[in-house]
Amino acid sequence: MMIHTIVGMVRPRWSPSRRGAVATIIACGIELSQLYHLPALDAMRANWLGALLFGRVFSIVDLVVYALAITIGTLIDYKHRRRT
């Protein structure tokens, strides 16, 4: 949901579905990048902030959770837009 929120702040005029799609691509890209071990990336992941941003270990479960959270964020976004 954090990525969905950031995308929404950067591109507030985009539709909720477009925000959700971009957030999903970003989240999946970050998770899939954990399969690639470049020395510079591993050095960043050794830092607590780098580990928080980029993660350390790939998990297929994380992809499912990201998709679920982004879907919830998108639905909340749609509901909020209807009220305003």
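Q: Arginine 19 and aspartate 77: are they buried or exposed?
A: In this predicted model, arginine 19 is buried, and aspartate 77 is buried as well.

Q: What do their side chains form?
A: The side chains of arginine 19 and aspartate 77 form a salt bridge, with an N to O distance of 2.9 Å.

Q: Which parts of the chain does that pair link?
A: It joins distant parts of the chain, since arginine 19 belongs to helix α2 and aspartate 77 to helix α5. The two residues are 58 residues apart.

Q: How many salt bridges are there by this rule?
A: The count is two. Besides the pair of arginine 19 and aspartate 77, there is a salt bridge between the side chains of aspartate 42 and arginine 45, at 3.3 Å from N to O.

Q: Where do aspartate 42 and arginine 45 lie?
A: Both are in helix α3, which covers residues 39–46. They are three residues apart, about one turn of the helix.

Q: And why does aspartate 42 count as partly exposed?
A: Aspartate 42 has a relative accessibility of 31%, and the partly exposed class lies between under 20% for buried and over 50% for exposed.

Q: Stepping back, how many helices and strands are in the protein?
A: The protein has five helices and zero strands. Its pattern along the sequence is α-α-α-α-α.

Q: What are the spans of the C-alpha trace?
A: Along the principal axes of the protein, the C-alpha trace spans about 45 × 25 × 20 Å.

Q: And what share of the residues counts as buried?
A: Of the 84 residues, 24% count as buried.

Q: Changing topic to pockets, how much space lies in the largest pocket?
A: The largest pocket holds about 350 Å³ of space. It is lined by 17 residues, and those closest to its centre are Met2, Ile3, Ile30, Leu52 and Leu53.

Q: Which elements give two or more residues to that lining?
A: Those elements are α1 (2–10), α2 (16–33), α4 (48–54) and α5 (60–83).

Q: How do the lining residues divide into nonpolar, polar and charged?
A: The lining of the largest pocket has 14 nonpolar residues, two polar residues and one charged residue.

Q: Now the surface: which residues make the nonpolar patch?
A: Met1, Leu68, Ile72 and Ile76 make a nonpolar surface patch of about 380 Å².

Q: Threonine 71 lies in which helix?
A: Threonine 71 also lies in helix α5. With a relative accessible area of 44%, threonine 71 is partly exposed.

Q: What separates the C-alpha atoms of threonine 71 and alanine 23?
A: A distance of 9.9 Å separates these C-alpha atoms, while the two residues are 48 residues apart along the chain.

Q: Last one: where is the place of cysteine 28?
A: Cysteine 28 is located in helix α2. Its relative accessibility is 23%, so cysteine 28 counts as partly exposed.

Q: How far is cysteine 28 from isoleucine 60, in sequence and in space?
A: Cysteine 28 and isoleucine 60 are 32 residues apart in sequence, and their C-alpha atoms are 9.9 Å apart in space.

Definitions and conventions. Residues are numbered from 1 along each chain as its sequence is written. This is a predicted model: local features need pLDDT of at least 70, side-chain atom pairs count only at pLDDT 80 or more; totals for chains, interfaces and linings use all residues. Side-chain values use heavy atoms; hydrogens and water are left out. On a 1 Å grid over the protein atoms alone, a cavity is a set of points where a 1.4 Å probe fits but cannot get out, and a pocket is an open set with protein on both sides within 12 Å along at least five of seven lines; lining residues have an atom within 4 Å of a point. Grid points are joined across faces, edges and corners, and a volume is the space filled by probe spheres set on the points. Helices (H or I, at least four residues) and strands (E, at least two) are DSSP runs, numbered from the N terminus. Ala, Val, Leu, Ile, Met, Phe, Trp, Tyr, Cys and Pro count as nonpolar, Asp, Glu, Lys and Arg as charged, and the others, Gly among them, as polar. Patches are made of residues with over 30% relative accessible area and no salt bridge: like charges are joined within 9 Å, nonpolar side chains (Val, Leu, Ile, Met, Phe, Trp, Tyr) within 5 Å. Accessible areas come from the Shrake-Rupley method with a 1.4 Å probe; for residues, only the protein chains shown count as cover. A salt bridge is a side-chain nitrogen of Lys or Arg within 4 Å of a carboxyl oxygen of Asp or Glu. Buried means under 20% relative accessible area, exposed over 50%, partly exposed in between (1.4 Å probe, protein chains only).
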